[in-house]
Amino acid sequence: MSQKTFTITSKEGLHARPASALVKVASGFSSEIFLQYGEKNVNLKSILGVMSLGVPAGGEFTITATGSDEEVALQQLDAILKEQGLV
């Protein structure tokens with residue numbers, strides 16, 4: 001299991017466009033990938049799950065990946081978060 005914690009620096013929080021990019025990247029991996037914010041833990045391959053979290057600016061969340069490609073998945077998700085200006 002690999003995991004990393006991030007803090008949203010974008011003033012809009014985790015909104016639809018970057019959330020969609022995250023889901024698209026996560027869906028390309030065979031690993032199970034989850035995003036936890038507060039007490040909620042959702043499948044990162046589900047846009048509805050991610051949007052239901054409502055992660056605001058300054059929100060801290062953790063991405064956890066479990067599977068054969070977990071390290072690469074986490075690296076690419078880290079990259080897309082930075083590319084989207086979220087962290």
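Glutamate 71 lies in helix 3 of this predicted model, and at 47% relative accessibility glutamate 71 counts as partly exposed, because that value falls between the 20% limit for buried residues and the 50% limit for exposed ones. Although glutamate 71 and methionine 1 are 70 residues apart along the chain, their C-alpha atoms are separated by 8.6 Å.

**Helix 3**
- Helix 3 covers residues 70-83, and aspartate 78 is one of the residues that lie in this helix.
- Aspartate 78 has a relative accessible area of 12% and is therefore buried, since the limit for a buried residue is under 20%.
- Leaving aside residues up to four places away in sequence, aspartate 78 touches Lys4 and Phe6.

**Helix 1 and its packing**
- Helix 1 is made of twelve residues, 16-27, and the distance from its first C-alpha to its last is 16 Å, which is close to the 16 Å expected at 1.5 Å a residue.
- The buried residues of this helix are Pro18, Ala19, Ala21, Leu22, Val23, Val25 and Ala26.

- Leucine 48 is exposed, because its relative accessible area is 70% and the limit for an exposed residue is over 50%.
- On the surface, a nonpolar patch is formed by Ile47, Leu48 and Met51, which together have about 290 Å² of accessible area.

**Paired strands**
- Strand 2 pairs with strand 4, which covers residues 60-66, in the antiparallel sense and over six bridges.
- Within this region, glutamine 36 has threonine 62 of strand 4 as its bridge partner.
- Leucine 35 stands opposite valine 42, a residue of strand 3.
- Strand 2 and strand 3 form a hairpin with two residues between the strands, and in this hairpin glycine 38 takes a positive phi near 60 degrees.

Key
Residues numbered from 1 in each chain as written. Predicted model: local features only at pLDDT ≥ 70, side-chain atom pairs only at ≥ 80, totals over all residues. Heavy atoms only, no water. Helix = DSSP H or I, 4+ residues; strand = E, 2+ residues; numbered from the N terminus. Buried < 20%, exposed > 50% of the residue type's maximum accessible area, 1.4 Å probe, protein only. Contact = heavy atoms within 4.5 Å. Patch = residues over 30% accessible without salt bridge, like charges linked within 9 Å, V, L, I, M, F, W, Y side chains within 5 Å. Areas by Shrake-Rupley, 256 points an atom, 1.4 Å probe, with all protein chains shown as cover. Salt bridge = Lys/Arg side-chain N within 4 Å of Asp/Glu carboxyl O. Expected span 1.5 Å × (residues − 1). Pairing = 2+ DSSP bridges.
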